[in-house]
Amino acid sequence: MSKETSLHGVHKGLGALFTDFAGWSMPIRYSSELAEHKAVRETAGLFDLSHMAEIEVTGPQAADVLDFALVGNLSGVKPGRARYTMICDETGGVLDDLVVYRLADEKFLVVANAGNAAVVAEALAERVSGFDAVVDDKSEDVALIAVQGPKAVEILGAVTDADLGALKYYASVPAVVKGHDVLLARTGYTGEDGFELYVPAGEAPAVWRILTEAGEPHGLLPAGLACRDTLRLEAGMPLYGNELSLQLSPFEAGLGRVVKFEKPNDFVGKAALAELSKKDVPRVRVGLKGSGRRAPRHGYTVLSGETEIGEVTSGALSPTLGYPIAMAYVDREHAEPGTELSVDIRGRIEPVEVVALPFYSRA
């Protein structure tokens, strides 16, 4: 039986089509994924992301435990700011990619992917041992609503007391949305400007309605997971289970920059990651651009001539760009932008070109 977010009834009322995602019943689309994708790029979209995990780490050594548990330098994050980072195992494999908000000197919020919620909560609970800090999984009590798109500032500005102009990218602030206390963050997973609102779960339907009404004059649409996937793909953002996994280190993913070896103390996976950082990884993540209408999909083989040299991790016909795009892991000698390759799309060999990521950047 799939779990339901506190907004499930709202989605049913909107006629959403549901799918099981990481054990949650989530809206995949409401109208059409193309219309929802277009709304986020041109006006704004409203997302329920309450399946994500929210884990608080508090106490005098909260920063120290996160420096040990994660690959990033979390003690260097100022209160009110956030950081994209990863949690790895001892071999350097990625357990999950995370966004961590520092809410105060001794209080952090770790946001993990739904499919890895238990893994991350358990790993943090183990790694806190010996530190003067407490790990508390708040996922059941917190809903997460995102407003993403060029009109997000206007929509949210009409209903909150927060100074949105002063809120930087990857920053957060406590705010009030028409009487509802929220944590308001300028973060997202679409390649657009936008905000994520952490809301008490019981108040989420009211906050959703407030945002819907504020967004109506601007063309705001409720948006499902299908368009979220094409939006993040265009923005070149990795998805755990596709571009990231326990079998891959941050270096193959082209995200070695998140590993902070300059931290003064040890961290989980440091020795293995240090070794990996000295070697040329055999395969690297690249962007692929196709032609025509047939898009490479997850698991399809990438070829150089007749030789298999990689595998597609995510792919779609880009709604914004109008041609097929994909991310793939390919042998590093074939990773240079401009390299001509091909993909086996259900028995048909289709040409693709290696291109730099992201495929799309907002103006």
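Guide: Two strands count as paired if DSSP finds at least two bridges between them; strands (E, at least two residues) and helices (H or I, at least four) are DSSP runs numbered from the N terminus. The model is predicted, so local features need pLDDT of at least 70 and side-chain atom pairs pLDDT 80 or more, whereas totals for chains, interfaces and linings use all residues. Residues are numbered from 1 along each chain as its sequence is written, and side-chain values use heavy atoms, without hydrogens and water.

Pairing can be followed from the start of the chain. An open sheet of 3 strands runs in the order E1-E3-E2 with mixed pairing. Strand E1 (3-4) and strand E2 (17-21) are its edge strands, each pairing on one side only. E1 is joined to strand E3 (residues 24-29) by 2 bridges, and these two strands run parallel. Glu4 has Ser25 of E3 as its bridge partner.

The chain is divided, by an automatic or database assignment, into domain 1 (7-49 + 141-235), domain 2 (53-137) and domain 3 (282-355). Between the C-alpha centres of domain 2 and domain 3 the distance is 34 Å. UniProt, whose annotations may be inferred rather than shown by experiment, lists "domain: GCVT N-terminal" (unreviewed entry) at residues 7-263. That span is 25% helix and 30% strand, and its end C-alpha atoms lie 41 Å apart. The UniProt feature "domain: Aminomethyltransferase C-terminal" (unreviewed entry) covers residues 283-360, a span with 0% helix, 58% strand and end C-alpha atoms 23 Å apart.

The part you asked for is the second largest pocket, with a volume (the space filled by probe spheres set on the grid points) of about 330 Å³. Among its 18 lining residues, Glu56, Leu103, Lys107, Leu183 and Tyr198 are the closest to its centre. (On a 1 Å grid over the protein atoms alone, a pocket is an open set of points with protein on both sides within 12 Å along at least five of seven lines, a cavity is a set where a 1.4 Å probe fits but cannot get out, and lining residues have an atom within 4 Å of a point.) Domain 1 and domain 2 each give at least three residues to the pocket lining. The lining comprises 10 nonpolar, 2 polar and 6 charged residues. (Ala, Val, Leu, Ile, Met, Phe, Trp, Tyr, Cys and Pro count as nonpolar, Asp, Glu, Lys and Arg as charged, and the others, Gly among them, as polar.)

The structure holds 4 aromatic pairs (ring centres of Phe, Tyr or Trp, by its six-membered ring, within 6.5 Å; planes under 30 degrees apart are stacked, over 60 edge-to-face, the rest tilted). The Tyr101 and Tyr198 rings form an edge-to-face pair, because their centres are 5.5 Å apart and their planes stand at 75 degrees. Tyr101 belongs to strand E7 and Tyr198 to strand E13, so the pair ties together parts 97 residues apart in sequence.

The largest cavity holds about 40 Å³, and its lining includes Phe47, Tyr189, Glu196 and Arg228.
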